[in-house]
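Subject: Structure handover

Dear colleague,

Here is the structure I said I would pass on.

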Amino acid sequence: MPLSEHEQRLLDQIEQALYAEDPKWANTVRISDPRSHYKRRLVKASIGFALGVVIMMVGVVVSGSALIPLGVGGFVVMLAACLWGLSSWKRMNGFGDSPPAAPGGGTAAPRGKQPRKGNRGTFMERMEERWRRRHDDR
């Protein structure tokens, strides 16, 4: 359903105010491809991993037992950066979007719904079917 002229004008005013208030954030939000967001996170995670390696090496190489916790902290930073980067990589490539596996080996269907078989139909047909089911349940 398209917006009315009044709603479109209000939306344009809100957008202009947002750009005037914080142009950097507005430009970041405006990016339509979520993969670019995950790529940035992956780069940040790589930098964090490298920083963790440096911190760990300083803690291990420099003599003195007082710096051992620094080495452990560097390892924790490496681990956290690795997990953050891995989760970004999985989301960027679409691996994290699949439903969880059921105990029998198949995919788990939501409670009260059976998995569909065959042709799913067009978007509008599916929406009409949902609408009918919603009103039949009441």
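The notes below go through the helices, a surface patch, some contacts and the salt bridges.

Please keep in mind that this is a predicted model.

Helix H4

Helix H4 covers residues 68-93, which is 26 residues. From its first C-alpha to its last it reaches 38 Å, close to the 38 Å expected at 1.5 Å a residue. Its buried residues are Gly71, Gly74, Met78, Ala81, Gly85, Ser88 and Met92. These buried residues pack against helix H3 (34-61). Just after H4, glycine 94 has a positive phi of about 85°.

The record

An unreviewed UniProt entry places the feature "transmembrane region" at residues 42-61 and 67-86. In the model, residues 42-61 are 100% helix and 0% strand, and the end C-alpha atoms of that span lie 28 Å apart. Residues 67-86 are 95% helix and 0% strand, with 29 Å between the end C-alpha atoms.

Surface patch

A nonpolar patch on the surface is formed by Ile68, Val72, Phe75, Val76, Leu79 and Leu83. Together these residues have about 570 Å² of accessible area. Leucine 79, one of the patch residues, is found in helix H4. Leucine 79 counts as partly exposed because its relative accessibility is 45%.

Is arginine 41 buried or exposed? Arginine 41 lies in helix H3 and counts as buried, because its relative accessibility is 16%, and buried means under 20%. Leaving aside residues up to four places away in sequence, arginine 41 touches Trp84, Ser87, Ser88 and Arg91.

Serine 88 is found in helix H4. Serine 88 is buried, with a relative accessible area of 0%. With the same exclusion of residues up to four places away in sequence, serine 88 touches Tyr38, Arg41 and Leu42.

Helix H1

Glutamine 16 lies in helix H1 (residues 5-21). Glutamine 16 counts as exposed because its relative accessibility is 57%. Glutamine 16 and alanine 26 are ten residues apart along the chain, and their C-alpha atoms are separated by 9.7 Å.

Salt bridges

How many salt bridges does the structure hold? There are three, and they link Glu128, Glu129, Arg132 and Arg133 in a network.

- Glutamate 128 pairs with arginine 132, the closest N and O atoms being 3.7 Å apart. Both lie in helix H5 (residues 123-137), four residues apart, about one turn of the helix.
- Arginine 132 also forms a salt bridge with glutamate 129, at 3.1 Å from N to O. These two are three residues apart in H5, again about one turn of the helix.
- Glutamate 129 forms a salt bridge with arginine 133 at 3.7 Å, N to O. Here the spacing within H5 is four residues, about one turn of the helix.

The spacing can be read against helix geometry: an α-helix has 3.6 residues a turn, so residues three or four places apart point the same way.

Glutamate 129 counts as partly exposed at 32% relative accessibility, and arginine 133 counts as partly exposed at 32% relative accessibility.

Best regards

Key
Residues are numbered from 1 along each chain as its sequence is written. This is a predicted model: local features need pLDDT of at least 70, side-chain atom pairs count only at pLDDT 80 or more; totals for chains, interfaces and linings use all residues. Side-chain values use heavy atoms; hydrogens and water are left out. The expected span of a helix is 1.5 Å times one less than its number of residues. Buried means under 20% relative accessible area, exposed over 50%, partly exposed in between (1.4 Å probe, protein chains only). Contact means heavy atoms within 4.5 Å. UniProt positions are given in the numbering used here, feature names are shortened, and annotations may be inferred rather than shown by experiment. Patches are made of residues with over 30% relative accessible area and no salt bridge: like charges are joined within 9 Å, nonpolar side chains (Val, Leu, Ile, Met, Phe, Trp, Tyr) within 5 Å. Accessible areas come from the Shrake-Rupley method with a 1.4 Å probe; for residues, only the protein chains shown count as cover. A salt bridge is a side-chain nitrogen of Lys or Arg within 4 Å of a carboxyl oxygen of Asp or Glu.
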